[in-house]
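Thank you all for coming; I would like to take a few minutes on helix packing and salt bridges. Please have a look at the sequence and the model first, and then I will go through them.

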Amino acid sequence: MTRLAEIKSRAEAATPGPWRRIAVYGGWDGVGCDQGPEVARLILNHPENASFIAASRSDVPWLLEVVEKLVTYIQDQCDDAMLPYPDDIKALLNHEVERT
């Protein structure tokens, strides 16, 4: 599985969004959604970090869509001009997820 495919798989498996930062008593910050209770309860000194995590639920799928459109565009341009894909693009598209 390519890294891009694995990122997409994780995004699709996550609790549906949108997510939002929620303040929880006792100094905790949480991430919640409209689909149920908390998605995560976190000990964070910076509420911006909880906001970043919450926004990632919408940001990651959007970024994946942009990347997929750009990849299609590059492939179409290379095919139309009968050019090989640039090596750096080919390497990114074929990057396999390293298993540890």
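Let me begin with a term: a residue is called buried under 20% relative accessible area, exposed over 50% and partly exposed in between, with a 1.4 Å probe and protein chains only. What you see is a predicted model, in which local features need pLDDT of at least 70 and side-chain atom pairs count only at pLDDT 80 or more, while totals for chains, interfaces and linings use all residues. Residues are numbered from 1 along each chain as its sequence is written, and side-chain values use heavy atoms, with hydrogens and water left out.

I turn to the helices, which are DSSP runs of H or I with at least four residues, numbered from the N terminus. Helix H1, residues 3–13, packs against helix H2, residues 47–80, at an angle of about 145°, and their axes are 10 Å apart; here the axes are lines fitted to C-alpha atoms over the stretch in contact, and angles run from 0 to 180 degrees between N-to-C directions. From H1, Leu 4, Ile 7, Lys 8 and Ala 11 make the contact, and from H2 it is Arg 57, Val 60, Leu 64, Val 67 and Glu 68, where contact means heavy atoms within 4.5 Å. These residues divide into six nonpolar, no polar and three charged, with Ala, Val, Leu, Ile, Met, Phe, Trp, Tyr, Cys and Pro counted as nonpolar, Asp, Glu, Lys and Arg as charged, and the others, Gly among them, as polar.

How many salt bridges does a search of the whole structure find? It finds three, a salt bridge being a side-chain nitrogen of Lys or Arg within 4 Å of a carboxyl oxygen of Asp or Glu.

One of them joins Glu 68 and Lys 8, at 3.0 Å from N to O. Since Glu 68 lies in helix H2 and Lys 8 in helix H1, this pair ties together parts that are 60 residues apart in sequence. Glu 68 is partly exposed at 32% relative accessibility, and Lys 8 is partly exposed with a relative accessible area of 32%.

Within helix H1, Arg 10 and Glu 6 meet at 3.3 Å, N to O, and, being four residues apart, they are separated by about one helical turn. Arg 10 is exposed at 51%, whereas Glu 6 is buried at 16%.

Finally, Glu 65 and Lys 69 form a salt bridge at 3.1 Å, N to O, and they are four residues apart in helix H2. Glu 65 is partly exposed at 41%, and Lys 69 is exposed at 55%.

How values were computed:
Helices (H or I, at least four residues) and strands (E, at least two) are DSSP runs, numbered from the N terminus.
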